[in-house]
Amino acid sequence: MGLIDHPPKRSVVRIYIVSAKNLQPVGGGLSDPYIRIRLGKTYINDVQTVQKQTLDPGFYKFYELDAAIPGSVSLKIELRDWQYFPLHEHELIGETTIDLEDRWFQQKWQSCANGLERDEVTGEKYDIPIEMRSLYLPGNPVSQGQLEMWVEILPADKARNIPISEMSGPVKKKFEIRIICWKAEGIPKSAGEDFYCRFTVPNQKPKSTDTHWKCKARTPSWNYRIKFQVELPLKNPLEGSLSIQLWDKDILTADEIIGEMNLDIYPWLLMAYHRDGEVAPFKEINIAEEKMKNAEEAENDEAGESGLGDTMGLGLGFNFFGEDEHVTKKKKVLGQDQYQMVPFEVVDGDPSIFNANTDSNAEAQEEDKQAEDAEEEPGTSSDEEDDESEVDDGEAARDFINTLKGMAGLGEIAEDARWLNMMHHNHKKKKLVNKGKVAVTVTIVPETDAVERPVGNGRDEPNNNPMLPPPVGRLSLSFNPLAVLKELISPAVVFYIICCICCVLCLMAMAYLGTYYMTIYTLINSL
């Protein structure tokens, strides 16, 4: 009856496939998904849509197929894992099936397709919604991921007048990851004396610093810049990682790894992408920590003003946790109708301030007021300005000294740097062991800024933003063989070598004098 009332009509089916999410890998690890479509006798095997090494592919593909509706019309969309070897079958990741005839005769779907469905509050037209369809394997009720898509069914005579919806992925942007490896410390004695750091970004060749040879103090210095080029957004969040490894260089044998740290910089890459500007992750973290610290200090100050930091509000100059509290805030003394405002130092030093005489309290309060007025007289402004200038001069001097120390490699690390612990897994103890720490700066720079403000690799020119000074504590050669020997080997070995040389000289002297032993013995006896 339904087929007589609704004879088949030629229709156009438009399929919009946006992306897939949370795909389950077929053989473990990552997959190379692509799209395969079946609609009646029509078959599309679109291997050109393959997305390499990802479980969250973005396709942004459009397909337009012909169909006769009503009729036995079933749309099947498959995601297959592309195989490199042509003899292997591309394994099925998951599939979803849509009954187009059911869609066509559904009243609400038709209202959305024709723009008749409207929001009850705003009155805006409802478009055909984007679907998140689950993907399944035959005979397996467990979802293998989700497919983001939508379908339009249009009469053939009207399809040519209805434009195709534009669909495109996020705009690709190029960035440069600039890494500065400053120095390291806290390396154990068993780690060796020749150190370098290696940095790795997924799908790119690892890059290393130069080697600090014979670092006897185990505080190597590099001041070395490394650059990686990336294109955002990444296909896989796992690609947004940075591996930092500390190695011991060996000439005759293989290099030995001391420790490593893996950083997840994917959130910072996204921040740089959306800002379309420079991002310094460690600087952002330091600023956030400073704000949190200031907020905590402000809360503690408010608690101190309300008397919460003092033992039961008695104004005795110490808190409940036994810590001395020497502050200049003024607290009220309990047990008085007209209380006097006194600093904690006075309470600690002079208990006689607790006087129950309200008149004396009023007089003392008047004296405090007169003292405050005297402090605010114009004659004292010059002294305050002198104090402020002295503070400014002191800060400038400290900044200058810190700058000189930084150029010599002896100062504190920069505000956009961070100490990263190098961890090593001890298989015998079955735990992670700290093998030292490395000071590192990471900056994510857009390609346009990288071109305008170029920097060199290592300490090559242009050496700026920031300028990297020569590393300190490096091996120095001279014409003095003993000095060179001391640089190449440890002082203990030098001591042993000198002792051996002295012993050899003594034996040679004894052997030389032994030839004249009988002559000397006869000469002595003759006397």
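Glu78 is buried, with a relative accessible area of 5%; buried here means under 20% relative accessible area, exposed means over 50%, and partly exposed lies in between, with a 1.4 Å probe and protein chains only. The side chain of Glu78 meets that of Arg80 in a salt bridge, at 3.1 Å from N to O. A salt bridge is a side-chain nitrogen of Lys or Arg within 4 Å of a carboxyl oxygen of Asp or Glu. Arg80 also counts as buried, at 13% relative accessibility.

Before I continue, a word on the model. It is a predicted one, in which local features need pLDDT of at least 70 and side-chain atom pairs count only at pLDDT 80 or more, while totals for chains, interfaces and linings use all residues. Residues are numbered from 1 along each chain as its sequence is written, and side-chain values use heavy atoms, with hydrogens and water left out.

The structure holds 15 salt bridges. Another of them joins Glu64 and Arg14, with the closest N and O atoms 3.0 Å apart. This pair links distant parts of the chain, since Glu64 is in strand E4 and Arg14 in strand E1, 50 residues apart. Helices (H or I, at least four residues) and strands (E, at least two) are DSSP runs, numbered from the N terminus. Is Arg14 buried or exposed? Arg14 is buried, with a relative accessible area of 3%, whereas Glu64 is partly exposed at 43%.

A further salt bridge is formed by the side chains of Asp210 and Arg459, at 3.0 Å from N to O. Asp210 lies in the loop between E11 and E12, and Arg459 in the loop between helix H10 (447–452) and helix H11 (481–488), so the pair ties together parts that are 249 residues apart in sequence. Arg459 is partly exposed, with a relative accessible area of 27%. Salt bridges with shared partners also join Arg14, Glu64 and Glu152 into one network.

Let me turn to the sheet. Four strands form an open sheet in the order E4-E1-E8-E7, with antiparallel pairing; two strands pair if DSSP finds at least two bridges between them. At the edges are strand E4 (58–69) and strand E7 (131–134), each of which pairs on one side only. Strand E1 (residues 9–21) and strand E8 (residues 146–155) pair over 10 bridges, and Arg14 stands opposite Glu152 in E8.

I come next to the nonpolar cores. A nonpolar core is a set of buried Ala, Val, Leu, Ile, Met, Phe, Trp, Tyr and Cys residues joined through side-chain atoms within 4.5 Å. Which members of the largest core touch the most other members? Of its 36 residues, they are Phe199 and Leu242. Among the elements that each supply at least two residues of this core are strand E10 (195–200), strand E13 (241–248) and H5. Apart from this core lies another, of 32 residues, including Val13 and Val151.

Finally, helix H5 (residues 266–275) has Trp268, Leu269, Ala272 and Tyr273 as its buried residues. Seen down the helix axis, these fall within an arc of 145°, so they line one face of H5; the arc is that of the directions from the axis to the C-beta atoms. Just after H5, Asp276 takes a positive phi of about 55°.
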